[in-house]
Amino acid sequence: MNLEKIAILTCWHGKYPWYFPYFIHACSYNPTIDFYIITDNEEAILNKPVNVLIVQKKLDELKAIANKKLGFSVSINNAYKLNDFKPAYGFIFSGIVKNYDFWGHSDLDIIYGDIRNFLNSEVLTQYDFISLRHDYTTGCFCLYRNKKKINTLFKNSKDYKLVLSNPQHYCFDECNFAWAELRTGKSILELNTPIESFTYVVKKAAINNEIKAHFDFILIEGRTGRVVFDKGKITYKKKFEAILYHLVELKKIYSPEKVPKKIPARYCISSTRIYH
């Protein structure tokens, strides 16, 4: 059976962070998925697998590409602003994703588990969009069917031009900072957020049966501890498997002085550190 072709895109500018070797290592255990890093960093990457592909682009070049694709002047004054552009990656980087069935966006503070175990053919056949949480679209990783309707879905927000042309960060890729309300069970469609975020766009399109969207909590976030990476699998408490571990909270309190040149096949993640 032919697997669906998947491309995952990450924009990163500047020096790679300390956790980058863990990201690269985890990519190597997902050989049927291509990971593109769009960056201005020219340093050699140790132990880079063949499915990690580097695309050299400076911020000014990305801005020029986005201006041309979108047809108006965008604001990308710093790399962090690119988070607002994530839902538009498939449209802006159409040349990269053109030969793939699905594309996604990712951050670098990610340690992947077995992606295909969750995003298998049964799931991919059914859905146009996949989020790793049940309550909002996950900026750290989302997957999109590579077709025009989905690649331009971000334009369904009445505020997308405002968001992409303004230097302010709007958390457009997720929920316009409404995490707390959504975690209590409220719907994004009930909230009066300052802008229509991508969560709003996707939830509304799904309710109107315009797209098939899948929301499920299949990642590990926070400083949970008891997480193990073992030869491409991420498990929690020795019994719950996850698609990935997101270091978003751990990296705030943990930054090792030295990361080993070769990441082992098995290691553990506690609430305060990674240990081998």
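**Reading strands and rings in a predicted model**

Me: Which strands pair in the antiparallel sense over three bridges?

Reply: Strands E6 and E7 pair in this way, antiparallel over three bridges, where two strands pair if DSSP finds at least two bridges between them, and where helices (H or I, at least four residues) and strands (E, at least two) are DSSP runs numbered from the N terminus. In general, strands of a sheet pair through backbone hydrogen bonds, either parallel or antiparallel. Within E7, Cys142 is the bridge partner of Ser131. This is a predicted model, in which local features need pLDDT of at least 70 and side-chain atom pairs count only at pLDDT 80 or more, while totals for chains, interfaces and linings use all residues. Residues are numbered from 1 along each chain as its sequence is written, and side-chain values use heavy atoms, with hydrogens and water left out.

Me: What is the bridge partner of His105 in E7?

Reply: That partner is Cys142, and strand E4 (residues 102-106) pairs with E7 in the antiparallel sense over five bridges.

Me: How many of the residues of strand E7 are buried?

Reply: In a regular strand the side chains alternate between the two faces of the sheet. In strand E7 (residues 141-145), five of the five residues are buried, where buried means under 20% relative accessible area, exposed over 50% and partly exposed in between, with a 1.4 Å probe and protein chains only. Phe141, Leu143 and Arg145 lie on one side, with Cys142 and Tyr144 on the other, and both faces are covered.

Me: How many aromatic pairs does the structure hold?

Reply: A pair of aromatic rings is described by the distance of the centres and the angle of the planes. The structure holds 25 aromatic pairs, counting rings of Phe, Tyr and Trp (its six-membered ring) whose centres lie within 6.5 Å, with planes under 30 degrees apart taken as stacked, over 60 as edge-to-face and the rest as tilted. One of them joins Phe129 and Phe198 edge-to-face, at 5.8 Å centre to centre and 75° between the planes. This pair links distant parts of the chain, since Phe129 belongs to strand E6 (residues 129-131) and Phe198 to helix H10 (residues 198-207), 69 residues apart.

Me: Are Phe129 and Phe198 buried or exposed?

Reply: Phe129 counts as buried because its relative accessibility is 0%, and Phe198 is likewise buried, with a relative accessible area of 0%.

Me: Which residues form one aromatic cluster?

Reply: The cluster is formed by Trp18, Tyr19, Tyr22, Tyr29, Phe229, Tyr254 and Tyr267.
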